[in-house]
Amino acid sequence: MQDTIVEKVLKHPKYAELVQRRTRVSMVFFAVALAIYSGFILTLAYMPEVFAQPIGAGWTMSVGVLTGILVVFSAVIMISLYVYFSNKIFDPLLEDIVKDVE
Amino acid sequence: MKKFLLSTALLSLFAQPAFAATGQANTSAIVMFLVFIAGTMVITWWAARKTQTTSDFYTAGGGITGFQNGLAIAGDYISAASFLGIAGMVYVSGFDGIIYAIGFLFGWPVVMFLVAERLRNLGRFNFADVTAFRLEQTPMRVLAASASLLIIALYLIAQMVGAGKLIVLLFGLEYKISVIIIGSLMMIYVFFGGMTATTWVQIIKAVLMLAGGTLLAALVLMAFNWNPDAMLAEAVKVHPSGTELMAPGAGVSGNPLNALSLGLALAFGTAGLPHILMRFFTVSSAKEARKSVIWASSFIGYFYLLTFIIGFGAIALLVRHPEFYSGLAGDNSNMLTTLIGGTNMAAVHLSNAVGGSLLLGFLAAVTFATIVAVVAGLALAGAAAIAHDLYANVIARGRSTEKQEMRISKISTLVLGVLAVLLGIVFEDQNVAFMVGLAFAIAASANFPVLVLSISWRGCTTRGATIGGFLGLAFATLWVVLSKTVWVDVFGNAEPISPFPNPGIFSIPLAFFAIWFFSVTDKSARAVKERDAFTALTVRSQTGIGRSGAQDH
């Protein structure tokens, strides 16, 4: 019983598309997140002087503090974008598959 | 139910003389905390009636919404340690406190892009269900339970000791009594109300904490005419480190590999913390799991931004109040060493400075509530590891009944509660600072690689996952034990054996490599079957067809 459902899903034309596109999107997002995070950590570990500069004349806030705040925002923005993709692209594909199989 | 009401009455009776005896407690803090206890007891009573099956007990019957779950996860994450700890770190060294916050936060993109939805589609109660989906039950459950229980024990001890000391300061209670109160409340929530009560306690506390933090940060910014840079300028002016506050400190740049290693453990550890992963099974579908992550990460990110303001605000404003210090020097040079209660109390003193004793009382009460709520979540994850993994699936090999498993999980809750209190008392004067770091390192080096590879790599076999997981676990633990934080600071040896305290940069790749190596060399018939089963796993993880939902039983 379980096997026939699995086979039905596998034969569904949209299943391969769903898996491929979702895997690609999540891998791209993961790579970007890793790049931002490791960029931040590597900079503070190996080039602390970059982060030590003030963001402009007359400012106390340093490049590092501002970057840190932006990095916090970037995490939330990336997650929101991913959810947007999922709702717009993957969920409709998934609904079609589930409707046809069950 | 009678027994439950009795224990509440006992608890409050027993709390009264202690509050009165020390006499230095903040009355508004005590009133607000008692209101919190009363409210959560009503919730527990309500939840107890809904907690009949193991599904109710472990996952609130799968009936939590994505938004509620996001709040609960944020609540689990913003523990007293991370709120007071990060604010305290910013108070001490400015920028370096931000590094921790970002590391904790970046666990969330990892969880979202690699595990959250698939986890929900594949498991029932905890992440061991997922790793055991196509791999062999016994070794995978034993591995997951060992790593989980170790992580939970470390986390519990760190929370209990930190909490006990905090409560001594905030409420003027005796250390042992505060530890016993935390343990008893936690046992009541979990024992009677299971995941439903634990989740709602966490949600309420998260809302209170977000509100309190927002108010505190707003009052700080208001003192600087809503100009954050003016606040930073003042902080740099009064702090002994001066402009170095704005830059990565010597602790980081002096040992870049250690910073990198810590960063890896923080970012990948989240996706391996049993009490966090368990929350994904309280929602009904992968879509709700996704919503949980977006809400959780938004709240956590927002709260960390507040924490930065609170930390820098504490530097700028506290020195205007010599009464918070034991002998503050005229040039503030000793503002780090003389702060009453230590630097972790920076946020608490700040609330008194900008909001008076009412805000102080509120923050103290919320902090106490936080500790109880986090500890309850940990105990529940521990009970699941013992009853669901070790008892139902390993010892009884799936032949136990629902009733038996439920009984074992309740007994486990009580045992864990008593153990937490005892360990809290035993470790009172020990240095427990390394424990949360070690918990994250184990989560990142044992649970995370096994979880990710078992759901996303066809070639992963039981042999590879077991050897790799245990190697990661053993390596991370041994490294930390031989490092300065334990080998020197706890055991009193002269020289550390590990070159730096954080193992992540070696232990995480080691676990991945070992899983890969021992999987590809696995030529057994079982391995062939496990690789074939990957197709069915992918169908289920991608579509959710056949997953266990809220109406499972």
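**Exercise 1. Find where Ala60(B) sits in chain B, and decide whether Ala60(B) is buried or exposed.**

Step 1: Ala60(B) lies in the loop that links helix H3 (54-59) to helix H4 (66-77) of chain B. Helices here are DSSP runs of H or I with at least four residues, numbered from the N terminus.

Step 2: This is a predicted model, where local features need pLDDT of at least 70, side-chain atom pairs count only at pLDDT 80 or more, and totals for chains, interfaces and linings use all residues. Residues are numbered from 1 along each chain as its sequence is written, and chains are lettered from A in the order in which they are written.

Step 3: Ala60(B) has a relative accessibility of 14% and so counts as buried (buried is under 20% relative accessible area, exposed over 50%, partly exposed in between, with a 1.4 Å probe and protein chains only).

Step 4: Its phi is near 55°, a positive value in a residue other than glycine. Most residues other than glycine have a negative phi.

**Exercise 2. Which residues make the contact between H9(B) and H17(B)?**

Step 1: Take helix H9 (residues 137-171) and helix H17 (residues 402-426) of chain B, whose axes come within 9 Å and cross at roughly 60°. Axes are lines fitted to C-alpha atoms over the stretch in contact, with angles from 0 to 180 degrees between N-to-C directions.

Step 2: From H9(B) come Leu156(B), Ile157(B), Met160(B) and Val161(B), and from H17(B) come Ala420(B), Val421(B), Leu423(B) and Gly424(B). Contact means heavy atoms within 4.5 Å.

Terms used. Heavy atoms only, no water. Helix = DSSP H or I, 4+ residues; strand = E, 2+ residues; numbered from the N terminus.
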